[in-house]
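Q: I am new to this structure and would like to learn how to read its features one at a time. Please show me the sequence and the model.

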Amino acid sequence: MITVDNLNKRFGDLHVLKDVSTQINKGDVVSIIGPSGCGKSTFLRCLNLLEQPDSGTIVVNGQDITAPGVHIASIRQKMNMVFQSFNLFSHLTVLENLTVGPIKLKGFAPTVAEEKACELLRLVGLGDKGHHFPDELSGGQKQRVAIARCLAMEPEVILFDEPTSALDPTMVREVLSVIRRLAKDGMTMLIVTHEMDFARDVSNRVFYMDAGGIHEDGTPEQIFLNPQREKTRAFINRTRSLSFTIADRNFDFYGMNAEIEGFCEKQILSKRFRQNLLLLVEELVLVHQPLLAYGPLTLRIEHAERSNQLGVICEQAGLDRNPLVGGHLPDEFGVMIIRSLVQSIDHRHESGHSRLTLVVRSKAPPENG
């Protein structure tokens with residue numbers, strides 16, 4: 001239904017969309033997720049030419065809508081958009097908001113437009129609000145009116161640009177329920193959203209966008225349960241990380257400890273947990289010190305907000321064995337401490353590169369453990 005090929009968009013020196021290419025099929029419900037500023041909303045706005053692409057093509061049902069002389073208004077009728085901020089006409093009633101477009105742009109008779117508007121208001125659960133003004137509605141009701149107004153133009157595709165971001169959390173569910181119903185009815189939709197559970201539930205495809213491109217495209221099961229790209233995994237798990245490179249014994253351990261404590265405070269981790277983490281890092285560094293001759297140690301701490309799991313990853317080039325086993329250990333007691341503080345240990349080595357991953361216990365072990 002939609003083919004996007006090498007789409008680029010710049011705002012001055014800022015390259016927002018970089019060679020974006022994809023295909024959307026009729027009936028697809030595509031949730032677009034990713035960090036702020038990665039180009040999600042700009043991508044939507046380019047699809048219906050609210051933003052003019054700098055290069056690339058967008059073909060809708062066989063028509064290149066980026067070609068010179070295209071009738072933009074007719075394109076937007078077929079590919080309508082629901083914005084964050086509702087954009088209702090405050091001086092018109094709800095019913096008038098729904099009928100003004102079909103009457104003026106599609107040539108509907110007022111009675112026909114009003115009958116259809118009443119039907120759509122019932123569809124979104126607002127059948128009794130036709131003669132109210134937007135200022136008399138809640139945020140969730142305004143957004144449902146905006147969706148009904150969009151449907152009144154009989155679009156083939158609906159673009160949702162963070163439709164719940166301006167709403168109180170108590171009103172989010174009512175809007176998402178309407179979008180769910182449209183998905184069941186087979187409406188083709190692209191939805192920029194930060195509601196991860198909703199995206200997982202309603203979509204048949206998910207785009208993870210990062211740095212101006214579609215970084216990963218897959219089913220909700222793939223993107224949320226088995227993402228193939230590291231950036232996708234970090235975003236899905238809301239991973240925050242802290243990294244250090246230790247090249248020799250002159251490393252600033254006090255500075256490292258201060259950074260770790262600050263990191264734990266930002267992640268709202270308990271004081272006891274911080275103490276265990278600091279002890280674990282100290283013992284890991286002591287175990288690795290005799291091995292620094294092989295090359296610098298990279299020590300990274302990662303906290304996954306979604307699962308509330310914290311891991312410590314130690315990577316070292318030139319090392320082809322597990323630093324926690326073998327006869328080289330200077331301190332067997334230190335290794336015992338490390339093992340008591342973690343839930344799991346995974347070691348992998350390949351082509352002279354060692355990667356040790358430890359998942360930290362959320363609670364301290366029993367004193368007699």
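A: What follows goes from the whole chain to its sheets, a helix, some single residues and the cores.

Q: What should I know about the model before reading it?
A: This is a predicted model, in which local features need pLDDT of at least 70 and side-chain atom pairs count only at pLDDT 80 or more, while totals for chains, interfaces and linings use all residues. Residues are numbered from 1 along each chain as its sequence is written, and side-chain values use heavy atoms, with hydrogens and water left out.

Q: How many helices and strands are in the chain?
A: Helices (H or I, at least four residues) and strands (E, at least two) are DSSP runs, numbered from the N terminus. Here the chain has 12 helices and 15 strands.

Q: What does "buried" mean, and what share of the chain is buried?
A: Buried means under 20% relative accessible area, exposed over 50%, and partly exposed in between, with a 1.4 Å probe and protein chains only. Buried residues make up 49% of the 369 residues.

Q: How do I read a sheet, and what is the strand order in the open sheet of six strands?
A: Two strands pair if DSSP finds at least two bridges between them. The order is β6-β7-β8-β3-β9-β10, with mixed pairing. The edge strands, each pairing on one side only, are β6 (79-82) and β10 (213-218). β6 and β7 pair in the parallel sense over four bridges, and M81 has L159 in β7 as its bridge partner.

Q: What is the order of the open sheet of four strands?
A: That order is β2-β1-β4-β5, with antiparallel pairing. Its edge strands are β2 (14-24) and β5 (63-64), each pairing on one side only. Two bridges join β4 and β5 in the antiparallel sense; V59 has D64 in β5 as its bridge partner.

Q: Which strands of these sheets does helix α1 touch?
A: Contact means heavy atoms within 4.5 Å. Axes are lines fitted to C-alpha atoms, for helices over the stretch in contact, and angles run from 0 to 180 degrees between N-to-C directions. Helix α1 (residues 40-47) packs on the six-stranded sheet, touching β3, β6, β7, β8 and β9, and its direction makes about 150° with that of β8. α1 also packs on the four-stranded sheet, touching β1, β2 and β4, at about 120° to β1.

Q: How is the length of a helix such as α5 checked?
A: The expected span is 1.5 Å times one less than the number of residues. The 14 residues of α5 should span 20 Å, and the end C-alpha atoms are 20 Å apart, which agrees. In α5, 13 of the 14 residues are buried. This helix lies across β6 and β7, running at about 170° to β6. E154, which follows α5, has a positive phi, near 55°.

Q: Is N48 buried or exposed?
A: N48 is buried, with a relative accessible area of 3%. N48 sits in the loop between α1 and β4. Leaving aside neighbours within four places in sequence, N48 is in contact with R76, M79, M81 and L159.

Q: Where does L159 lie, and what is its relative accessible area?
A: L159 lies in strand β7 and is buried, at 0%. The C-alpha atoms of L159 and L190 are separated by 5.0 Å, although the two residues are 31 apart along the chain.

Q: What is a nonpolar core, and how many residues has the largest one?
A: A nonpolar core is a set of buried Ala, Val, Leu, Ile, Met, Phe, Trp, Tyr and Cys residues joined through side-chain atoms within 4.5 Å. In soluble globular proteins, nonpolar side chains tend to be buried together. The largest core here has 35 residues, and those with the most contacts inside it are I147, I158, F160, I179 and M189. A second, separate core of 33 residues includes L299, L310, L356 and V360.
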